[in-house]
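I opened the model to work through a list of spots I had marked.

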Amino acid sequence: MGITGSLTPDQLQFFHSQGYLVIESFANEDEIRGLRKRMDELLNQFDCSVSSSIFSTKNQKHTTDNYFFESAEKISFFFEEKAFGDDGKLKQPKELSINKVGHALHELDPLYREFTYSSKFSSLVSSLGYKRPVVMQSMYIFKQPGIGGEVVPHQDNSFVYTDPQSCTGLWIALEDSTTVNGCLWAIPGSHKNGLVRRFIRGENGITFDQPSPSYEQKDFVSIEMKAGSLIAIHGDLIHQSFENLSSKSRHAYSLHVVESDGCKWAKDNWIQREKMPEPLYVLP
C-alpha cells in the first residue's frame, strides 16, 4: 500500500534537530470528545475493589507486580500514588484517583483502535521513515488535579527498546496542557547524546541498568499544547513533567511506536508478548 507522509521538510528538520515536534489540531473536537467519553465509560465499568495497581516513576515497586506485567496485553487501571489515605482507602472518587489506563487500549477498545489505526497516524509515522510500524503500548494519562504525579526525566527508548533503537512517542493533548497543570518539558537536542540507560526485566522484577544522570532544570523548555495538538517525541529525547498541583486535570492519549522491519524487540523489555501487535501499515 502507498502512504503519503504528512510532515513538511521544515517539520522534519525541526524534529531531527530538536528531538520533538508539536502538530496543532491533530485531533478534532469530535475525536477528543469521543475519546474522553469512552474513557468515562471504561472508568464507570472499572471495579477498583477487584484488581488495580499504583503507578509511580519515582517508586518502581509496581514493576514486580503481575498486574503491571499483564497490562501489556490488557486494558488496566493504575492509581495515583497520592490517591489513598493512611487507612488505605481512596480519598476521592475513583474517576479523580486514576493515574493512567493502559497498555493495550489501542488494540482492545474499538474506538481507541479506530483512532490509533487511522490514516492520520499512518501518514505521520510514514513521514518519520517507518516501514512496518507497530504500537507497543498505549496509555490514557489523567494528570489528576492536585495529585497528578511527577514524571521524572527519562527517555522512551529506555522502556520500549529495539535493536537498533526505533521508538517514537506520540502524545495527544485531550485538554490544554500548560505549565500550571503539568505540561511536558524537554531538553531540546538531547536525543543526539544517545540512550543513557535501560529499564530491564529480569527474574527479580525490573530495574534500571544505570543510575539516573543529573539534569539542570535550566536546560529544559516547557512545551505547552492546546487540546487536540500532538507531540512526536524522539526515543532518546530527555523529557519530564511536574506534579499537577492545580485544580485542573491534564488528560492525554499516548502511544509508543517501534519499527518491526529490521528491528528486533528486546527480550528483556518489560513488555513481553506472545504475539506482536498488528502493524499500522506495511510498506513493500
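In which loop is the place of S246? I looked it up in the predicted model: S246 sits in the loop between β14 (239–241) and β15 (252–259).

**Entry: S246.** S246 counts as buried because its relative accessibility is 15%, and the cut-off for buried is under 20%. The S246 side chain reaches the backbone oxygen of K248 at 3.1 Å. I also listed contacts, leaving aside neighbours within four places in sequence. That gave P145, G146, V180 and N181 for S246.

**Entry: cavities.** How many cavities of 30 Å³ or more does a search of the whole structure find? I got 1. The volume of the largest cavity is about 50 Å³. I noted its lining: P153, H154, Q155, S158, V196, R197, F208, S212, P213, Y215 and I238. By class, the lining residues divide into 6 nonpolar, 4 polar and 1 charged.

**Entry: nonpolar cores.** Which members of the largest nonpolar core touch the most other members? I found M39, L170 and L230, in a core of 55 residues. Helix α2 (residues 29–45) gives the largest share of this core, 5 residues. Another core lies apart from it, with 13 residues, among them I141, M225, L237 and A252. I then took L230 on its own. Leaving aside neighbours within four places in sequence, L230 is in contact with L21, V22, I23, F26, F121, L124, L170, W171, I172 and M225.

**Entry: helix α6.** Helix α6 (residues 119–127) is mostly covered, with 7 of its 9 residues buried. Just after α6, I noted that G129 takes a positive phi of about 95°.

Entry: Is F14 buried or partly exposed? F14 counts as partly exposed because its relative accessibility is 33%. F14 lies in helix α1 (residues 9–18). Not counting residues up to four places away in sequence, F14 touches G19, Y20 and L21. F77 is in strand β3 (residues 75–79). At 7% relative accessibility, F77 counts as buried. The C-alpha atoms of F77 and Y67 are separated by 9.3 Å, and the two are 10 residues apart along the chain.

**Entry: cis peptide bonds.** I checked omega values. The bond from G102 to H103 is cis, with omega near 15°. H103 lies in strand β4 (residues 98–103). D163 and P164 are also joined by a cis peptide bond, with omega about -5°. P164 is in the loop between β7 (162–163) and β8 (168–173).

**Entry: positive phi outside glycine.** S25 is not a glycine, yet its phi is positive, about 55°. I placed S25 in the loop between β1 (20–23) and α2. S25 counts as exposed, at 64% relative accessibility. K143 also has a positive phi, near 45°, and is a residue other than glycine. K143 lies in the loop between β5 (133–141) and β6 (151–154). Why does K143 count as buried? Its relative accessibility is 3%, and buried means under 20%.

How values were computed:
Residues numbered from 1 in each chain as written. Predicted model: local features only at pLDDT ≥ 70, side-chain atom pairs only at ≥ 80, totals over all residues. Heavy atoms only, no water. Helix = DSSP H or I, 4+ residues; strand = E, 2+ residues; numbered from the N terminus. Buried < 20%, exposed > 50% of the residue type's maximum accessible area, 1.4 Å probe, protein only. Polar contact = N/O pair within 3.5 Å; in protein donor to acceptor, adjacent residues only side chain to side chain. Contact = heavy atoms within 4.5 Å. 1 Å grid on protein atoms, 1.4 Å probe; cavity = no way out; pocket = protein on both sides within 12 Å on 5 of 7 lines; lining within 4 Å. Points joined across faces, edges and corners; volume = space filled by probe spheres on them. Nonpolar A, V, L, I, M, F, W, Y, C, P; charged D, E, K, R; others polar. Core = buried A, V, L, I, M, F, W, Y, C linked by side-chain atoms within 4.5 Å.
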